[in-house]
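Take a moment with the model below.

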Amino acid sequence: MTEGPRLPGVQTDDNQEERIVCHVDADCFYASCERLREPKLDGEPVVVGMGYEHGDDIGAVATASYEAREFGVESAQAISSALERLPRRGPLEGDAGSDETDDGVHDDRSVEETGYYRSVDMDYYESVASEVREILHECAGVVREVSIDEAYLDVTDRTAWEVADGFGRHIKDRIRREVGITVSIGVAPTMSAAKIASDFDKPDGLTVVEPGDVQAFLAPLEVDLLHGVGPVTARALREMGLETAADVAAADPEPLVERFGERGRELYDRAHGDDDRRVTPKGEPKSFSRESAFAEPVEDPTQKYEQIETLAAAVADRARREGALYRTVGVKAVLPPYDVNTRERSLSGPVDDPDLVDRIAYDLFSEFESESVRKVGVRVANLEFAAADQADLDGWESRSPHATADDVSAGEEVSADEPGDARVTETNTKPDTEAESTSDEGRSTAERGQTSLTDF
């Protein structure tokens with residue numbers, strides 16, 4: 001396991017048997033991102049989703065802030081139902097026409113009974129999530145990214161149980177201070193217990209379950225809260241007379257196996273706090289990227305290009321160390337207040353060429369040379385890890401170090417919807433979004449509080 005920085009004064013026992021696992025879960029992530037963009041939304045009911053624009057009649061809620069949930073708005077709920085429970089509010093206070101809806105329709109309801117609706121903006125959310133991920137990877141040697149808003153960390157080599165509470169708070173404070181959103185963290189010796197613990201005191205929660213306390217922590221919880229139990233399984237357990245985790249733990253495992261197959265044995269084990277899974281990265285990465293935010297928006301081209309060069313070198317070095325070839329090079333430019341722009345270029349074949357990454361990144365970023373920029377990023381994608389011959393791109397060698405994009409024949413501008421998507425575009429790219437019925441950990445979207453949209 002990769003060694004990393006520890007909190008001051010922390011001593012760890014390399015032979016300790018109990019793992020220290022953190023589950024980090026952003027609170028109402030999409031709504032939190034919208035509040036970063038519009039600070040006046042703080043404390044207001046916010047619903048992020050699709051299908052509520054004028055003329056649309058089909059759509060779903062991606063996430064609802066805790067204030068919106070008080071009105072009965074939930075993730076995966078039809079927008080039409082959400083609007084019945086929480087009508088759409090007009091412009092922010094102080095704006096002209098503040099007593100009208102965004103569609104210009106007068107609404108006589110009081111302000112306290114209406115909320116703000118915002119469209120899903122995955123480019124923006126991914127940009128915020130990348131800042132969180134960077135912190136997580138600095139805080140842990142092993143990170144499993146489950147979705148855009150949650151991850152598991154194995155921090156066994158970074159802290160000790162005696163100070164696990166302080167380490168969890170250290171992660172929370174860094175994310176709040178450097179990114180501007182809140183997360184809830186569960187710390188436990190197993191992945192399943194850590195995940196349950198992160199939900200235990202939301203929002204902005206921190207729950208530590210030490211070794212030896214796991215079963216006692218789980219015992220009073222209703223079966224719905226057991227890891228991997230959705231509404232259908234919970235209903236079936238209750239039909240068997242099992243209401244709590246303690247009931248499941250005390251039950252004869254054979255009827256559970258008969259009813260649920262191998263999952264029955266897993267439920268029995270999890271109710272006892274047994275979970276021998278280790279935190280491992282989730283498959284091979286689709287891309288490598290590095291981003292850097294400026295303290296203040298920057299207009300000086302030299303300063304921006306120097307940062308692009310630094311990030312390009314870091315990304316190319318990461319790909320080489322991981323043994324990856326890449327077919328796509330991209331850049332990101334975030335303009336004030338938070339206008340996310342991405343540009344990518346596909347190559348004729350997989351390569352490992354740091355100089356080429358630098359040149360393409362320079363070319364792509366030239367579009368933003370005169371813009372005020374608050375953050376820049378460089379990305380390589382369409383990765384190949386299997387042994388393969390590198391594509392011959394000798395034609396690039398005859399180009400000047402910083403030729404214009406029009407001189408490029410090896411590839412063309414493509415959108416960033418999905419790696420390898422060949423749709424040509426010159427506009428800001430937005431990934432396709434599709435609400436999923438459940439997370440990959442088995443909870444319903446309503447229970448998670450936010451639907452999981454397709455990764456960028």
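Which residues in H4 meet which residues in H5? On the H4 side they are Glu-131, Val-132, Ile-135, Leu-136, Glu-138 and Cys-139. They meet Phe-167, His-170, Ile-171, Arg-174, Ile-175 and Glu-178 in H5. Contact here means heavy atoms within 4.5 Å. Helices (H or I, at least four residues) and strands (E, at least two) are DSSP runs, numbered from the N terminus.

This is a predicted model, in which local features need pLDDT of at least 70 and side-chain atom pairs count only at pLDDT 80 or more, while totals for chains, interfaces and linings use all residues. Residues are numbered from 1 along each chain as its sequence is written, and side-chain values use heavy atoms, with hydrogens and water left out.

Back to the two helices. The axes of H4 (residues 122-139) and H5 (residues 164-178) come within 10 Å and cross at roughly 150 degrees. Axes are lines fitted to C-alpha atoms, for helices over the stretch in contact, and angles run from 0 to 180 degrees between N-to-C directions. The crossing makes H4 roughly antiparallel to H5 (the term covers angles over 145 degrees).

Next, the charged pairs. The structure holds 36 salt bridges. Each is a side-chain nitrogen of Lys or Arg within 4 Å of a carboxyl oxygen of Asp or Glu. One of them joins Arg-89 to Glu-44, with the closest N and O atoms 2.9 Å apart. Arg-89 sits in the loop between H3 (79-85) and S4 (116-119), and Glu-44 in the loop between H1 (29-37) and S2 (46-50), so the pair ties together parts that are 45 residues apart in sequence. Arg-89 is buried, at 7% relative accessible area. Buried means under 20% relative accessible area, exposed over 50%, and partly exposed in between (1.4 Å probe, protein chains only).

Lys-375 and Glu-291 form another salt bridge, their closest N and O atoms 3.5 Å apart. This pair links distant parts of the chain: Lys-375 is in strand S12 (residues 373-384) and Glu-291 in strand S9 (residues 287-298), 84 residues apart. Both residues are buried. Shared partners join Glu-131, Glu-291, Lys-332 and Lys-375 into one network of salt bridges. Glu-131 is also among the H4 residues that meet H5.

Arg-270 and Glu-266 both lie in H11 (residues 262-271), 4 residues apart, about one turn of the helix. Their closest N and O atoms are 3.7 Å apart. Arg-270 is buried at 9%, whereas Glu-266 is partly exposed at 37%.

Technical notes
Angles under 35 degrees count as roughly parallel, over 145 as roughly antiparallel, 65 to 115 as roughly perpendicular and the rest as oblique.
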